[in-house]
Every structure is written in structure tokens, then in C-alpha cells.
Amino acid sequence: MFKEKIRMLDKKLHIRFNSVGEFNMPVGKRDFNGSIRKNLLAFCEKLKNKNVEFINEDFKKFKIDNLTPEDFCYFDPPYFLGDASYNENNNWTENDEKDLLKYVDKLNEKNIKFALSNVTQHRGEKNNILIDWAIENKYNINYLDYNYNNSNYHSKSKMNITEEVLITNYSI
Ligand SMILES: C[S@@+](CC[C@H](N)C(=O)[O-])C[C@H]1O[C@@H](n2cnc3c(N)ncnc32)[C@H](O)[C@@H]1O
């Protein structure tokens with residue numbers, strides 16, 4: 001049960017699990033430290049006073065029938081690109097990616113605002129499924145950060161580019 005609780009909170013606190021699901025591991029340079037512990041406790045306190053429901057299930061099972069244009073949907077899925085961090089031990093497949101994009105289209109058809117975090121390119125690879133989908137549907141691709149680890153822009157440095165985006169069906 002403790003593990004389930006922490007797993008729910010990983011959305012906020014970047015606690016993650018390895019492929020066996022037993023150990024937590026830090027994302028990037030973050031580790032579970034005193035400051036994160038403090039945030040975790042503050043987060044738990046806030047939850048007690050708010051009407052929040054956590055649902056731990058496949059996004060495809062989450063019914064959108066009850067959602068209205070008053071709702072807002074934020075997606076932070078695993079990245080499809082090969083060795084991008086967060087690709088969940090390669091468990092996120094092309095089918096998952098396409099299913100998610102279709103799901104998001106349904107929200108758009110119902111005039112529900114959405115925002116989808118992702119990377120359009122990472123270490124020399126491009127996510128053309130995502131890019132083509134966003135362009136074809138005239139969604140807004142908001143570029144968040146260009147991360148050039150090597151300031152010399154020669155061919156090798158392309159391997160270090162990560163293009164982070166927030167795709168929305170509204171203007172920011
Ligand atoms: C990029 S991480 C989200 C990270 C989190 N928002 C954070 O800031 O730490 C992607 C999440 O998608 C979840 N996930 C993977 N497949 C899923 C699916 N089919 N339905 C719903 N969530 C899924 C993973 O368990 C993981 O927590």
C-alpha cells in the first residue's frame with residue numbers, strides 16, 4: 001500500500017521505479033532528499049483538505065463522456081523516442097503513442113482544452129508521429145527549451161539536442 005501511495009505521488013515528486021518495480025530511482029540529477037521529503041509531506045497535508053481523486057489506470061479506460069469544455073486535461077506521457085529518459089523501460093509503444101494522440105483528438109472535438117508535454121526530438125531522433133499529428137491538426141507546438149550540451153553547433157552536437165514541447169489546442 002505504501003508503494004501505491006508513493007507511486008501516485010510520482011506525478012508531483014519525481015519518484016520512480018525500476019523495471020522490476022521494486023526500487024525508486026531519481027530522475028535526472030534529482031534525488032530523494034530533505035527538500036523533496038518536506039514537499040512530499042506538505043503535498044500530503046494539502047491533499048487532506050482538497051477533493052482530489054487519484055486514479056491509477058490506463059488512460060484509455062478514463063471516460064471522457066463526463067468532461068465538458070470547463071475541464072482542462074494535461075498529459076505527461078512517457079516519451080516515445082528510443083532512449084529518451086522517461087520512456088518507461090521501453091514499455092511505451094508506437095500503438096500507445098497513436099492511441100494517446102487519438103484520445104487527445106477526441107477531447108479537442110469536444111472543445112476541451114488540453115496540454116501535452118513531450119519531446120519532438122532527442123539525440124538525433126525525431127518523433128515524426130507526434131510532429132505530423134500536431135501539424136495536421138493545427139495544434140500549437142510551444143517550444144520550451146533548447147538544450148544544447150555542446151555550444152559548438154557541429155554535426156556531433158545534434159546528438160545532444162532535446163527539443164521539449166508543450167502541445168496545446170489553445171494559444172499560450
Ligand atoms: C513522463 S512520466 C510522468 C511524470 C510525472 N508527470 C512527473 O512529473 O514526474 C509518464 C507517466 O505515464 C505513466 N503511464 C505509462 N503508460 C500509461 C498508460 N497507458 N496510461 C496512463 N499512464 C501511463 C507512467 O507510469 C508514468 O508515470
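# Close-up views of selected residues

**View A. Glu94, with a relative accessible area of 38%, is partly exposed.** Here, buried means under 20% relative accessible area, exposed over 50% and partly exposed in between, with a 1.4 Å probe and protein chains only. The model is predicted, so local features need pLDDT of at least 70 and side-chain atom pairs count only at pLDDT 80 or more, whereas totals for chains, interfaces and linings use all residues. Residues are numbered from 1 along each chain as its sequence is written, and side-chain values use heavy atoms, with hydrogens and water left out. Glu94 and Lys98 meet through their side chains in a salt bridge (2.8 Å, N to O), defined as a side-chain nitrogen of Lys or Arg within 4 Å of a carboxyl oxygen of Asp or Glu. Both residues belong to helix α3, 4 residues apart, about one turn of the helix. Helices (H or I, at least four residues) and strands (E, at least two) are DSSP runs, numbered from the N terminus. Lys98 is likewise partly exposed, at 37% relative accessible area.

**View B. A salt bridge joins Asp96 to Lys60.** The N to O distance between these side chains is 3.7 Å. The pair links distant parts of the chain, 36 residues apart: Asp96 is in helix α3, and Lys60 is in the loop between α2 and β3. Asp96 counts as buried because its relative accessibility is 17%, while Lys60, with 40%, is partly exposed. These two residues, together with Asp58 and Asp99, are linked in a network of salt bridges. Side chains of opposite charge can pair when their charged atoms come close.

View C. Lys48 is exposed at 62% relative accessibility, and Glu45 is partly exposed at 44%. The structure as a whole holds 5 salt bridges.

**View D. Helix α3 packs its buried residues against β3, β4 and α4 (128-136).** Those buried residues are Asp96, Glu97, Leu100, Leu101, Tyr103, Val104, Asp105 and Leu107. The 16 residues of α3 should span 22 Å at 1.5 Å a residue, and the end C-alpha atoms are 23 Å apart, which agrees; the expected span is 1.5 Å times one less than the number of residues. Just after the helix, Asn111 adopts a positive phi of about 60°.

**View E. The largest nonpolar core has 20 residues.** Such a core is a set of buried Ala, Val, Leu, Ile, Met, Phe, Trp, Tyr and Cys residues joined through side-chain atoms within 4.5 Å. Phe75, Leu107, Phe114, Leu116, Trp133 and Ile167 have the most contacts inside this core. Two or more residues are given to it by each of β3, α3, β4, α4 and β7 (162-168). Helix α3 provides the largest share, 5 residues. With neighbours within four places in sequence left aside, Trp133 is in contact (heavy atoms within 4.5 Å) with Leu101, Val104, Asp105, Phe114, Leu116, Asn128, Tyr139 and Ile167.

**View F. Thr120 lies in strand β4 (residues 113-122).** Thr120 counts as buried because its relative accessibility is 2%. Its side chain makes a polar contact of 2.6 Å with the side chain of Glu163. A polar contact is a pair of N or O atoms within 3.5 Å; within protein, one must be able to donate a hydrogen and the other to accept it, and residues adjacent in sequence count only if both atoms are side-chain atoms. Beyond four places in sequence, Thr120 touches residues including Leu81, Ile131, Tyr143 and Val165.

**View G. Phe80 is placed in the loop between β3 (72-75) and α3 (94-109).** At 24% relative accessibility, Phe80 counts as partly exposed. Its contacts beyond four places in sequence are Trp92, Thr93, Glu94, Glu97, Asn127 and Ile129. Phe80 and Glu94 are 7.1 Å apart, C-alpha to C-alpha, and 14 residues apart in sequence.

**View H. Arg123 and Lys138 each have a positive phi.** Most residues other than glycine have a negative phi. Arg123, in the loop between β4 and β5 (125-126), has phi near 50° and is partly exposed at 45% relative accessibility. Lys138, in the loop between α4 and β6 (140-146), has phi near 55° and is exposed at 73%.
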